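Visitor: I'm new to this one. Can you walk me through it?
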Amino acid sequence: GPCTECSCSSGKKTDKNTSNTKKKENGDQSFIPKIFFGTRTHKQISQITRELKRTAYSSVPMTILSSRDYTCIHPVVSSSVGNRNEMCVELLEGKHGKSCLYYHGVHKLSEHHALRSAQRMHHAWDIEDLVSLGKKLHACAYFAARELMVGADIVFCPYNYLLDPQIRESMEINLKGQVVILDEAHNIEDCARESVSYGVTESQLRATREELDFMVNNNIRQKDHEALRAVCCSLT
């Protein structure tokens, strides 16, 4: 039968739909928003969670969203200097006959009682705590953090997770009706600019132009590729 223990399970969606149906049947119209707390760097998130531990709300359900650069524990992917996102996707899709065993252990981390009992975390935790526990349980910290977002009251993340529409979509972040707090918001302008910017090197442009030359010379969608080649030529 279908897997019911890991994040690839379709059963979780059924559970969510069932709970929503029960709320409607009971006439429960209350909605409790999440708090999305955005910061400029991951280091600042560590400082904020440290302060959260000192408050009366230190035990509320929380999670920290971050990139695979900070949370991947796969020995090959985490030590690679290449694109870790692409390598992760290839493992999840089973390309080259390999898969990620850590991904299938996500449920070990995504359950709050497991997270707390394993390291006696009765207070707010940091991303290093989650990664350390993930290594101990052989479970993916990256996807566990995303799973924890479902039941979290507070979600910590860098600015771009809230500002960049592509990242919001990939992380399944819905800000409608939620509370958004931006720490040191004077940095938002730079982050917004970076979200709609892309950088390429001169060598990449030259390589692209060579490929476009090949396309044009071999009459492969010549009209389209000539326009792109003109852009590359003007930039170089």
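Guide: First a term: buried means under 20% relative accessible area, exposed over 50%, and partly exposed in between, with a 1.4 Å probe and protein chains only. This is a predicted model, where local features need pLDDT of at least 70, side-chain atom pairs count only at pLDDT 80 or more, and totals for chains, interfaces and linings use all residues. Residues are numbered from 1 along each chain as its sequence is written, and side-chain values use heavy atoms, with hydrogens and water left out.

Visitor: Ok, why is strand S3 largely enclosed by the rest of the structure?
Guide: Because five of the five residues of S3, residues 154–158, are buried. Strands (E, at least two residues) and helices (H or I, at least four) are DSSP runs, numbered from the N terminus.

Visitor: Which way do the S3 residues point?
Guide: Val-155 and Cys-157 point one way, while Ile-154, Phe-156 and Pro-158 point the other way.

Visitor: And what pairs with S3?
Guide: Two strands pair if DSSP finds at least two bridges between them. S1, residues 35–39, is parallel to S3 and joined by five bridges. S2, residues 62–64, also runs parallel to S3, with three bridges.

Visitor: What sits opposite Val-155?
Guide: Thr-63 does, and Phe-36 also has Val-155 as its bridge partner.

Visitor: New topic. How are the residues lining the largest cavity divided?
Guide: Twelve are nonpolar, one is polar and one is charged. Here Ala, Val, Leu, Ile, Met, Phe, Trp, Tyr, Cys and Pro count as nonpolar, Asp, Glu, Lys and Arg as charged, and the others, Gly among them, as polar. A cavity is a set of points on a 1 Å grid over the protein atoms alone where a 1.4 Å probe fits but cannot get out, and lining residues have an atom within 4 Å of a point.

Visitor: Which helix gives the most to that lining?
Guide: H5, with three residues.
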